[in-house]
Amino acid sequence: MYIGVDLGGTGIKAGLVDEKGNILHKDSCPTRAMEDYKVIVADMADLIKKVLNDTDTNTSEIKTIGIGCPGSIDDKNGVVIYANNLNLHDAPLAEELKKYYDVPVYVSNDANCAALGEFFALDDENITDIVAITLGTGVGSGIIINKKIFTGTNGIGGELGHTVIKANGEKCTCGRNGCWEAYASATALIREAEKAAKENPDSYLAKLVAENGGKANGRIPFAATEKGDEAGKKVIDKYILDVAEGIVNIINTFQPHAIVIGGGVSNAGDALLKPIEEYSKEHCYGGIFQTKISIAKLGNDAGIIGAAFLGK
Ligand SMILES: [Zn+2]
């Protein structure tokens with residue numbers, strides 16, 4: 001059995017995971033985000049102890065512990081180089097947690113852990129290479145090559161959200177202009193939906209936005225499109241095209257067996273998936289389209305399961 005920990009800016013989640021990737025039990029506690037890493041690891045160790053106690057599991061039954069953490073991680077040494085919303089700088093999380101548990105401890109970026117979780121969830125021995133993306137507040141990404149997380153030479157590679165799809169385009173949170181994230185994130189979809197609602201005050205889209213207190217969300221433009229609303233459809237068509245351009249870039253770069261799409265926007269299901277597939281088929285290089293594109297299966301549990309399997 002394995003322990004997977006998902007360390008976030010507001011909460012720590014820990015789960016006991018079996019060989020097949022099922023979470024047998026999980027629990028959580030708040031993250032004391034502004035404290036020293038030693039305090040955070042002590043809280044983490046307590047949480048793991050609680051999970052083990054609640055399931056009558058002995059430490060000797062645990063093969064490995066994995067931690068997923070936002071930010072830049074030195075996977076090889078289990079050190080968080082920098083995690084902005086956690087106040088962590090060169091924090092040796094693996095070494096510190098080993099003081100509590102005599103078990104191999106691994107640390108990786110949370111998006112990479114989620115990708116690894118989704119990789120195992122595909123449960124297909126013919127699949128070795130996948131790319132997982134998350135369409136949420138930003139665009140997260142994790143690349144699995146030959147069943148292993150690809151991080152570049154320094155641990156911070158694989159940031160597909162910050163590759164530019166439009167020079168001098170929309171401002172991105174990273175400081176660049178025109179990043180894929182600035183067009184394909186839920187934040188971008190919401191921005192465009194609110195803009196379109198303002199420009200088309202008589203549209204069904206505008207009505208839904210008004211009913212939601214003047215704010216759009218990731219669902220509203222899809223809902224308006226379903227009702228045949230032109231303004232909504234325009235927003236969705238443009239958004240899906242921008243997502244699809246990035247997907248085709250991924251196919252042309254990696255020719256992976258699979259691309260898995262997660263995050264809040266992925267709840268749109270086939271309304272998102274089908275046009276992306278169609279566009280990819282039509283536009284991928286050489287007309288060779290062999291990548292299976294699907295919606296992520298694990299939701300919020302992907303991080304725990306992927307972290308648990310970091311040492312697998
Ligand atoms: Zn960017």
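## Basis of the description

Residues are numbered from 1 along each chain as its sequence is written, and side-chain values use heavy atoms, with hydrogens and water left out. Because the model is predicted, local features need pLDDT of at least 70 and side-chain atom pairs count only at pLDDT 80 or more, while totals for chains, interfaces and linings use all residues.

## Zinc site

The zinc ion is coordinated by His162 through ND1 and by Cys172, Cys174 and Cys179 through SG, at 2.1 to 2.4 Å. Donors are N, O and S atoms within 2.8 Å of the metal (3.2 Å for Na, K and Ca); water is not among the atoms, so sites may look incomplete. The angles among the four donor atoms run from 103 to 124°, and the site is tetrahedral (four donors with all angles between 85 and 135 degrees). The ideal angle for four tetrahedral donors is 109.5 degrees.

Along the chain, the donors follow the spacing H-x9-C-x1-C-x4-C. His162 and Cys179, 17 residues apart, link distant parts of the chain, and each lies in the loop between β11 (148-150) and α4 (181-184). Helices (H or I, at least four residues) and strands (E, at least two) are DSSP runs, numbered from the N terminus. His162 is partly exposed at 21% relative accessibility, whereas Cys179 is buried at 0%. Buried means under 20% relative accessible area, exposed over 50% and partly exposed in between (1.4 Å probe, protein chains only).

## Packing of α8 and α9

The axes of helix α8 (residues 230-254) and helix α9 (residues 270-283) come within 9 Å and cross at roughly 50°. Axes are lines fitted to C-alpha atoms, for helices over the stretch in contact, and angles run from 0 to 180 degrees between N-to-C directions.

Contact means heavy atoms within 4.5 Å.

Glu277, in helix α9, is buried with a relative accessible area of 18%. Leaving aside residues up to four places away in sequence, Glu277 touches Phe289 and Ile293.

Thr225 lies in helix α7 (residues 220-226) and is partly exposed, with a relative accessible area of 23%. Thr225 and Val235 are ten residues apart in sequence and 8.8 Å apart in space, C-alpha to C-alpha.

Methods:
Tetrahedral: all angles 85-135°; square planar, octahedral: opposite > 155°, others 65-115°.
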